Structure formats: C-alpha cells, structure tokens
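Dear colleague,

I am handing over a structure for your attention.

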Amino acid sequence: MTPTPALFRSFLLLAAALATGPLAADDRDDRIPEEAREAVATVDRFLAALAAGELERAAADLDPELIVLEGGNAELSKEQYLSLHAKQDAEFLKTATVETGYRRARVQGDLAWVASLTEVQAEHEGKPLAIDGAESMVL
C-alpha cells in the first residue's frame with residue numbers, strides 16, 4: 001500500500017539543509033521504485049512549498065505528531081515546527097540554490113522513507129556559503 005497524506009503516522013526530518021527540485025529521471029530508475037514515487041512527490045511538494053514561503057501549503061502533508069531533529073535540536077510537533085523552525089527554513093531557502101543529488105526511497109506497509117543528499121549554495125552575512133546536506137524523511 002502506498003502511503004497517502006491521510007496515512008502519515010510520522011514525518012521525521014533529519015537535515016543539514018533542505019532539498020528542493022525534482023530528481024533527474026536517470027536517478028529514479030534503481031533507487032526510486034514505482035511504489036515509492038508518491039512518497040518522493042510528497043517530499044518534493046513539501047520542500048517546494050517551504051522554499052516558496054507557503055507555510056500553509058507546506059503544512060498540508062505534515063503529521064500533527066511530526067518530529068524534526070536538526071543540529072542537536074528538536075521540534076516535537078507540527079505546530080512547534082511551523083511556529084519556529086519552518087519560518088527560518090523558508091527564509092533561508094528564499095535565496096539559496098539547492099541541488100538534489102543522490103536520493104533513495106522505499107515503502108514498507110503504510111510507511112515510506114526518502115533519503116536525499118543535497119548541495120546548497122547560499123549567502124550568509126554577505127559571504128558565499130556552501131553546505132553539503134543530508135536528510136531523511138519517514139512518512
């Protein structure tokens with residue numbers, strides 16, 4: 001069974017940086033099986049909404065009991081993430097360029113996971129910033 005937003009039990013985000021943008025078709029072949037593509041599309045939809053600063057749209061697929069773990073900190077609910085960290089993520093992503101490289105996804109029962117590696121180019125205090133990111137999302 002492919003997870004749908006109504007079936008999301010949890011949505012964990014372990015990120016050094018958030019990824020945006022679709023995956024190249026050749027990267028989908030062996031790492032993204034057909035049954036996991038809906039989960040990947042959900043992750044991409046969330047990240048695109050976040051990058052656009054559309055927090056209501058980004059929130060649509062988040063589970064109320066979401067847990068976000070990043071940089072030694074944690075938000076322990078959807079409400080907490082949206083009121084704090086999501087705004088910072090969206091602000092950062094406004095001017096960042098994010099390239100998704102390696103990505104892998106799987107579905108097991110009504111859970112799915114999506115793991116991505118990213119390269120982020122941004123500016124911080126007028127200086128160029130390059131970040132190698134890694135994230136895992138469990139839906």
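A nonpolar core, as used here, is a set of buried Ala, Val, Leu, Ile, Met, Phe, Trp, Tyr and Cys residues joined through side-chain atoms within 4.5 Å. Buried means under 20% relative accessible area, exposed means over 50%, and partly exposed lies in between (1.4 Å probe, protein chains only).

The model is a predicted one, in which local features need pLDDT of at least 70 and side-chain atom pairs count only at pLDDT 80 or more, while totals for chains, interfaces and linings use all residues. Residues are numbered from 1 along each chain as its sequence is written, and side-chain values use heavy atoms, with hydrogens and water left out.

The largest nonpolar core contains 27 residues, and those with the most contacts inside it are Phe-46, Leu-50, Tyr-81 and Val-114. At least two residues of this core come from each of helix H2 (37-51), helix H5 (85-93), strand S4 (97-108) and strand S5 (111-124). H2 supplies the largest share, seven residues. Helices (H or I, at least four residues) and strands (E, at least two) are DSSP runs, numbered from the N terminus. As general background, nonpolar side chains tend to be buried together in soluble globular proteins.

Turning to the chain as a whole, five helices and six strands are present, and their order along the sequence is β-α-α-α-β-β-α-α-β-β-β. Of the 139 residues, 40% are buried. Among contacts (heavy atoms within 4.5 Å), those between residues 24 or more positions apart make up 62% of the ones with a separation of 6 or more.

Two strands pair if DSSP finds at least two bridges between them. S4 and S5 are paired in the antiparallel sense over ten bridges, and Arg-104 has Ala-115 in S5 as its bridge partner. Two residues lie between the strands in the hairpin of S4 and S5, where Gly-109 takes a positive phi near 65 degrees. S5 and strand S6 (residues 127-138) also run antiparallel, joined by twelve bridges; here Val-138 in S6 is the bridge partner of Trp-113.

Which residue has a positive phi although it is not a glycine? That residue is Glu-125, with a phi of about 55 degrees. Glu-125 is placed in the loop between S5 and S6, and the hairpin of these strands has two residues between them. Glu-125 counts as exposed because its relative accessibility is 72%.

Yours sincerely
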